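Dear colleague,

My notes on its contents follow it.

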Amino acid sequence: QAQLVESGGGSAPPGGSLRLSCVASGIIFSTNAMGWYRQVAGKERELVAAISAGGSTKYADFVKGRFTISRDNAKNTVYLMMNNLEFEDTASYYCASDSVGWRLVPQGDYWGQGTQVTVSS
């Protein structure tokens, strides 16, 4: 059974950094597009960043220049490096996979359980 497991969330001050990881199992990771979404209570889930099977990337405007998505197919892992964090980045962050490898808005064949990121001073 497919499973996505996120880690790396926590607390950081404004301007700080965190790196999220998502380890996948039960899917052919190298052929999947992967994405990071976030959600704040009471709001819709929104795409933060995505990476295709071929390595193309897409970022939401609100994280461009601050966040970087990458993947390591040998480790079945996708990362989200978050720099220059802002209060507005506080949210639960979710990893998603999409078997349509070129898709840069992963439709979420599978989802992780989420990891909380809190930006506070």
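This is a predicted model: local features need pLDDT of at least 70, side-chain atom pairs count only at pLDDT 80 or more; totals for chains, interfaces and linings use all residues.

Residues are numbered from 1 along each chain as its sequence is written, and side-chain values use heavy atoms, with hydrogens and water left out.

I begin with the salt bridges. With a salt bridge taken as a side-chain nitrogen of Lys or Arg within 4 Å of a carboxyl oxygen of Asp or Glu, the count is six. Arg-66 takes part in one with Asp-89, where the closest N and O atoms are 2.7 Å apart. This pair links distant parts of the chain, 23 residues apart: Arg-66 is in the loop between S6 and S7, and Asp-89 is in the loop between S8 and S9. Strands here are DSSP runs (E, at least two residues), numbered from the N terminus. Both Arg-66 and Asp-89 are buried, a term that means under 20% relative accessible area, with exposed meaning over 50% and partly exposed in between (1.4 Å probe, protein chains only).

Arg-66 also meets Glu-86 in a salt bridge, at 3.7 Å from N to O. Arg-66 lies between strand S6 (57–59) and strand S7 (67–72), and Glu-86 lies in the loop between strand S8 (77–82) and strand S9 (91–98), so this pair ties together parts that are 20 residues apart in sequence. The relative accessible area of Arg-66 is 8%, whereas Glu-86 is partly exposed at 33%. Through shared partners, salt bridges join Arg-38, Glu-46, Arg-66, Glu-86 and Asp-89 into one network. A further salt bridge, between Asp-61 and Lys-64, has an N to O distance of 3.2 Å; Asp-61 is exposed, at 63% relative accessible area.

S1 runs antiparallel to strand S3 (residues 18–25), and five bridges join the two; strands pair if DSSP finds at least two bridges between them. Cys-22 in S3 is the bridge partner of Glu-6.

Arg-45 lies over the face of Tyr-94, 4.0 Å from the ring centre, and Arg-103 lies over that of Trp-102, at 5.8 Å.

Notes:
A charge sits over a ring if NZ of Lys or CZ of Arg is within 6 Å of the ring centre and within 35 degrees of the ring normal. Helices (H or I, at least four residues) and strands (E, at least two) are DSSP runs, numbered from the N terminus.
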